[in-house]
Amino acid sequence: MATTSSPSVRHAPDAGTYALDPIHSYVSFSARHLMVTKVRGRFPVVDGRLVVGDDPQQSTVDANVDVSAVESGDPKRDEHLRSADFFDAEHHPNVTFRSTGVEDHLDGTFTLHGDLTVRGVTHPVTLDGEYLGSQASPWGDTRIGFSAETEVNRKDWGLEWNVALETGGLLVGDKVKLTIDAEWIRQ
């Protein structure tokens, strides 16, 4: 039986500097509510810089998320999330991420290590990511896309607010799943 060879697949973007496209980038979150469902929402990623090295493991990324623009589908909840009970957006309007290392798994996936700063508190996080590809856009530039996920404990960043339920348990779970979708424009 004859086999056909498929074209080679590039599992890493071309080396270079990329600026974040804030219109096509966001961080979504989900957290348990009443311990029976999940509340979901998202934040816009307002700016960022990605430098892809000739060796993808030498790449770096920095990004800023606007917590004052949180959207969860409920304006009252959004206002509460912006308050001092949670993000304290008046004093800490941005969440920042700065990479500290990347492990390229050579199959289009990677592990990204970095420092996440929320409310002025910084902790290391690890994200599992996927390179989604590269495409020339109708606007004459080249764009690349990534997605990544992690789960964090909100209390590590001082997001302690909660309400004890009469039947036991708490109103809001401690674990928060974060999913990042980002589109980058080659400079």
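Student: What makes the meeting of the Arg143 and Asp21 side chains a salt bridge?

Tutor: In this predicted model, a nitrogen of Arg143 and an oxygen of Asp21 lie 2.5 Å apart. The cut-off is 4 Å between a side-chain nitrogen of Lys or Arg and a carboxyl oxygen of Asp or Glu, so the pair counts. Arg143 sits in strand E8 and Asp21 in the loop between E1 and E2, 122 residues apart.

Student: Why is Arg143 called buried?

Tutor: Its relative accessible area is 13%, and buried means under 20%, so Arg143 qualifies. Asp141 passes by the same cut-off, since its value is 18%. Asp21 is buried as well.

Student: Let's turn to the rings. How many aromatic pairs does the structure hold?

Tutor: There are five. One of them is Phe29 with Phe43, whose ring centres are 5.3 Å apart with planes at 35°. The centres are within 6.5 Å, so the rings pair; the angle lies between 30 and 60 degrees, so the pair is tilted. Phe29 is in strand E2 and Phe43 in strand E3 (residues 37-52), so this pair joins parts that are 14 residues apart in sequence.

Student: Are Phe29 and Phe43 buried or exposed?

Tutor: Phe29 has 12% relative accessibility and Phe43 has 6%. Each value is under 20%, so both residues are buried. Ring pairs also link Phe29, Phe43 and Phe87 into a cluster.

Student: Why is the pair of Tyr131 and Phe146 called tilted?

Tutor: Here the planes meet at 45°, again between the 30 and 60 degree limits, so the pair is tilted; the centres are 5.3 Å apart. Tyr131 lies in strand E7 and Phe146 in strand E8, 15 residues apart. Both are buried.

Student: How do you know that E7 and E8 pair?

Tutor: They share eight bridges in the antiparallel sense, and at least two are needed, so they pair.

Student: What about E6 and E7: how many bridges join them?

Tutor: 10 bridges join strand E6 (residues 109-118) to strand E7 (residues 121-136), and these strands run antiparallel. Thr117 stands opposite Thr122 in E7.

Student: What makes you say that Arg42 sits over the ring of Tyr26?

Tutor: The charged end of Arg42 is 4.4 Å from the centre of the Tyr26 ring, so the distance is within the 6 Å limit.

Student: Finally, over which residues does pLDDT stay under 50?

Tutor: Residues 1-9, for which the model has zero contacts beyond four places in sequence. Where pLDDT is low, the predicted coordinates should not be read in detail. The chain averages 89, with 91% of the residues scoring at least 70.

Key:
Residues numbered from 1 in each chain as written. Predicted model: local features only at pLDDT ≥ 70, side-chain atom pairs only at ≥ 80, totals over all residues. Heavy atoms only, no water. pLDDT = per-residue confidence, 0-100. Contact = heavy atoms within 4.5 Å. Helix = DSSP H or I, 4+ residues; strand = E, 2+ residues; numbered from the N terminus. Phe/Tyr/Trp six-rings, centres within 6.5 Å; stacked < 30°, edge-to-face > 60°. Buried < 20%, exposed > 50% of the residue type's maximum accessible area, 1.4 Å probe, protein only. Lys NZ or Arg CZ within 6 Å of the ring centre and 35° of its normal.
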